[in-house]
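Trainee: I would like to learn how to read a structure like this one. Could we go through it feature by feature?

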Amino acid sequence: MEFIKNIREKTPLIHFITNYVTVNDVANAALAIGASPIMTDEVNDAPDMQNICNALVINPGTLNENTVKAMIESGKRANKLGHVVVLDPCGAGATPYRNKVIAELMANVKFDCIKGNISEIKALANVSQSTKGVDADVSDNVTRENMFDVFKMAKELSQKTGAIIAITGPIDVIASDKAAYITDNGCKEMRAITGTGCMTAGVIAASLVANPSDKLKACVAGVIAVGISGERALSYAKGTGSLHIGLIDELSNLDDIKLEVGAKIERFDI
Amino acid sequence: MEFIKNIREKTPLIHFITNYVTVNDVANAALAIGASPIMTDEVNDAPDMQNICNALVINPGTLNENTVKAMIESGKRANKLGHVVVLDPCGAGATPYRNKVIAELMANVKFDCIKGNISEIKALANVSQSTKGVDADVSDNVTRENMFDVFKMAKELSQKTGAIIAITGPIDVIASDKAAYITDNGCKEMRAITGTGCMTAGVIAASLVANPSDKLKACVAGVIAVGISGERALSYAKGTGSLHIGLIDELSNLDDIKLEVGAKIERFDI
Amino acid sequence: MEFIKNIREKTPLIHFITNYVTVNDVANAALAIGASPIMTDEVNDAPDMQNICNALVINPGTLNENTVKAMIESGKRANKLGHVVVLDPCGAGATPYRNKVIAELMANVKFDCIKGNISEIKALANVSQSTKGVDADVSDNVTRENMFDVFKMAKELSQKTGAIIAITGPIDVIASDKAAYITDNGCKEMRAITGTGCMTAGVIAASLVANPSDKLKACVAGVIAVGISGERALSYAKGTGSLHIGLIDELSNLDDIKLEVGAKIERFDI
């Protein structure tokens, strides 16, 4: 497959409504992988921006009442136009307001991919079902021991939402309603940089626009693109500052050969 | 001329109402060139901030209804105080709301310089005249073939607004109502970093404050300061992350000798 | 003492309501020193976030009417929960609105530490007393000549507020109502990077959470942690861009031995 080549050739224009903490990295990561980012979160402006874009990424990390309106209206517009829509439910489960907003987003917008860490995805699975909570057996770390429980949760959430579910962590799980991939790419040092998850959501969106024929694999490519770039940068980083910069350097130099050689993935039918 | 020395000696205090995507780079670029940045976009606060500043830069990239009020009121205050005011019409032409806001800004604030890419400047030229659109012959890339058409558009916009018009791209055009410069500085790799345009607006503002005797040349110096710094950084950058950091390094080390030696500019009477 | 080790072991969860200019650096600096940052400034969300956090840092640099509400309500909640609260009165004294907001914050929230430059602390001392202004003898630069005047101002502000007062500049002063430290760590080149002060506030908060037995020393450790990291980075930085990245690298590699060896501090009873 030519996941990265396709992104660089199609240069997807991606509209982000994202947090102001990592937005610069998100924009630079999108550019580095070959996409073109545009940011606006004013409800009078954002939905119309979808008219010239290929995708929308919603990350309510630093949400407020005004930007939430822009998220919902832009999401509806993106759905109407058939655009790729990715949700990064940043901080899901942390506060009642945040859960209410995420429930509203889920009720109003159809997502192609939902990407979060295990806590966020669990919170979101709870939010999206009224009858019972998520299986308590799903702990807060994905391991090779509990991964089948995680696959089950991801499969159910995928069935309910129609989205690919990407759960990032020491081991990443990317699942549809039929199959799941686990990946071992990335390194623990990346957790000491803010924004690697937010960047991943953008790279997934770019990959989905450019590789529409297999959405699950496109999401896997997006996740490991960031992980492999982080691993490569770690080999020469002197600390978290230079790891951060090296990650962007490596994303900008990434190609499909590096992706294929670096990929540590395993597939499961679920 | 001593464009950079003058900035470093006068340390202009520049108030930015700018997008939250590239604001950190804008602040660091302003510091690197010898200016002092201050950011505030609350209408109860921002106009008063002009009282202690030398300049205002308005960039509506991530505008919202509240910050637009701050842009207009701060712009009026800056005009009243005779301060340098620069407009970076980020995203002009992309949505109706954005065009409305830019028309409001143009109607209420007088700018010393308007800096954008060719699409933004064309959108703005259209917004600012009610009778007919901009000459369709002006394509979306400035080349040595079509540059006289671009000069004509810039000259008309300069006559109408009183501003220097700076059009950035593979070839940059900086024009008043009487003369135009083209510059070949910068490199295509800079397009893969977000914020080089936003930083340029700030460096132009610093240059205008410190070099008031020839506004056109001050704007040219601001544009090529960023371009030359990017070229120098490219010689050792390993990707877009280190190009980004190298650009700030080079701006912080820039002096008038490097500016003069590196300048690739040509002047035309128009 | 094991200031840094304690931070890395306790990984304090710090809620920041801070400006959008330097927020990414603040988050990465907090991670680099071993803390975990979370940002939210919506009044419906932010106070509840305190329920899962250990500390709150308030920096009204890019305040607006909505975020000011979140600052006050989150501050009250943090006080109620006995959490560490740090104020970075960014831009105090610059505008009437900013002074009004800071007076409101002081009236409603009790702070463990107030950290600012000398102008900000003077403005804040003025705001917090209605009868007379701060001693005009306290100039805008702390020197070895005027430092006893600065100690007196800091002591009075500490008595009135109950907070440790940290005044950053060429010489830093960190004072309680009984003792003051001066530190010579840091370097003048750090003033050409935006956000070193904002990062310091976060590192102080982390240090206070992890080292509660001696608040004054915990604040000193926070201030010099950033200063020493900057000095170390300066030895190989090529300009302000790489100094910025090196500072984060050094923070991520800092330990108590480097802190002790690098510390340039002197203690005074006041």
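Predicted model: local features only at pLDDT ≥ 70, side-chain atom pairs only at ≥ 80, totals over all residues.

Trainee: At what angle do α4 and α5 of chain C pack, and how far apart are their axes?

Mentor: The angle is about 15°. The axes lie 9 Å apart. Angles under 35 degrees count as roughly parallel, so α4(C) is roughly parallel to α5(C).

Trainee: Is the crossing of α4(C) and α5(C) left-handed or right-handed?

Mentor: The crossing of these two helices is right-handed.

Trainee: Which residues of α4(C) and α5(C) meet?

Mentor: From α4(C) come C:Val68, C:Met71, C:Ile72, C:Gly75 and C:Lys76. They meet C:Val101, C:Glu104, C:Leu105 and C:Asn108 in α5(C). Sort this contact by class and you get five nonpolar, two polar and two charged residues.

Trainee: Now the sheet. What is the order of its strands?

Mentor: Chain C has an open sheet of nine strands. Read the order as β2-β1-β3-β4-β5-β6-β7-β8-β9. The pairing is mixed.

Trainee: Which are the edge strands?

Mentor: Look for strands that pair on one side only. In chain C these are β2 (36-39) and β9 (265-269). From one strand to the next, the twist averages 20°.

Trainee: How many bridges join β8(C) to β9(C)?

Mentor: Five bridges join them. Strand β8 of chain C covers residues 179-183, and the two strands run antiparallel. Take C:Ile182 as an example: its bridge partner in β9(C) is C:Glu266.

Trainee: How do I compare copies of a chain?

Mentor: Two copies are related by a rotation about an axis and a shift along it.

Trainee: How many residues of chains B and A are in contact?

Mentor: Chain B has 23 residues in contact with 26 of chain A. On the chain B side, α5 (96-108) and α10 (240-253) each supply at least two residues. The largest share, five residues, comes from α10(B). By class, that side has nine nonpolar, eleven polar and three charged residues.

Trainee: Why do the copies meet through different surfaces?

Mentor: Because only 13% of the interface residues of chain B are also interface residues in chain A.

Methods
Residues numbered from 1 in each chain as written. Chains lettered and ligands numbered in written order. Contact = placed C-beta atoms within 7 Å. Helix = DSSP H or I, 4+ residues; strand = E, 2+ residues; numbered from the N terminus. Nonpolar A, V, L, I, M, F, W, Y, C, P; charged D, E, K, R; others polar. Axes fitted to C-alpha atoms, helices over the stretch in contact; angles between N-to-C directions. Parallel < 35°, antiparallel > 145°, perpendicular 65-115°, else oblique. Left-handed = near helix turned anticlockwise from the far one by under 90°. Pairing = 2+ DSSP bridges.
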